[in-house]
Amino acid sequence: MTEEKTAFEGLQEAAGLLPRYQVMTAADALRPQPPIDWVIGDEGSGLISAGSLSFAYGVAGHKKTAAMVSMGVCTASGKDWLQFSTGQRAVLFIDEESGPRRLSRRLGEALRGELCSADAPISYVSLAGFLMDKAEDVQEVHDLILRTGAGLVIIDALTDIMSGDENSKQDTQPIMTELRKIAERTNAAIVVIHHANKSGGYRGSSAIAGAADLMLQVKSEEQDGNYIEFKTTKTRDIEPVTFGAIAHWEGSEFYLTPTDAKPKKPSKSATWLLEYLTSNGPTSTPDLMAAAEAAGVCKGATIQKNIQFMTAGKMIYRTNPNDAGRGIEAIYD
């Protein structure tokens, strides 16, 4: 196709009337295509690309919002998010669920956790009441992305930006269409946070997955635990991938670190050992063995093995490592 505009096309553009579609040919497909512009990841390990529509979904309390806030902060600062690289881009949060106080607190914790300053290119709006089945709101969101220059847009949550039934394709499909158009026209990666059903799959119409470039399941089985599993359940541009993270809350700071495998739950005897040392302070091996047997937890030999494994794993440590020899007891804390 020629890149020169006809007089009619020029008049359309001047009047703000863009055509609904553009007819392309085999010659267009055979031209060298630009590489995928990765927002999260890179050519070797990509996850989310520019101009794409993704959904991060999970059961309530499974840390999906916290994980997406972490992703946004890392992208705004140009830091790796877990094992994925990011190119620094402006980030926009559109929050219709948490509210300004809660979102501000979460963002502040994540910014401090990643050692970011107030100059981080992050914008957010909360409880604006955007509905993607209203033409004026679709235009407002489109313009908001352009005004903030956002390369990554995180929307929380799908059910809050539609007035219809998420289980109805008739109600859901128009929302998906508008979100895809906004992503294409602004070249922003749009990530929508969504809820899961009781079985752990995404909630709602099949039109949601049909429109998505990526469906990312976020799972943290224990609400008070810190392990998060991420699993792609639908992809367009990448191979399916599963990865994990450890969530860290330290005072007023929050951040994620990558992990290759789900941590194993400590055994009953290991849990007892940690609790005993926490309550009683430095204790010798013989005293730990005797206390475990007296409490009916396990045999003394089991405690000895736990001490070895947990010392190697840096869960406990020997307080007198330089004292060795016959008759000198090892003391642990």
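Asp28 is buried, with a relative accessible area of 12% (buried means under 20%, exposed over 50% and partly exposed in between, using a 1.4 Å probe and protein chains only). Its salt-bridge partner is Arg31, with the closest N and O atoms 2.6 Å apart; here a salt bridge is a side-chain nitrogen of Lys or Arg within 4 Å of a carboxyl oxygen of Asp or Glu. Arg31 is partly exposed at 38%.

The model is predicted, so local features need pLDDT of at least 70 and side-chain atom pairs count only at pLDDT 80 or more, while totals for chains, interfaces and linings use all residues. Residues are numbered from 1 along each chain as its sequence is written, and side-chain values use heavy atoms, leaving out hydrogens and water.

**Salt bridges**
- By this rule, the count comes to 7 salt bridges.
- Glu140 and Arg147 meet in a salt bridge of 3.4 Å, N to O; Glu140 is partly exposed at 32%, whereas Arg147 is exposed at 56%.
- Another salt bridge, at 3.0 Å from N to O, brings together the side chains of Arg180 and Asp213.
- Arg180 counts as partly exposed at 22% relative accessibility, and Asp213 is buried at 12%.
- A network of salt bridges links Arg180, Glu184, Asp213 and Arg236.

**Around His248**
- The side chains of His248 and Thr257 are joined by a polar contact of 2.7 Å (a pair of N or O atoms within 3.5 Å; within protein, one must be able to donate a hydrogen and the other to accept it, and residues adjacent in sequence count only if both atoms are side-chain atoms).
- His248 and Gly210 are 38 residues apart in sequence and 34 Å apart in space, C-alpha to C-alpha.
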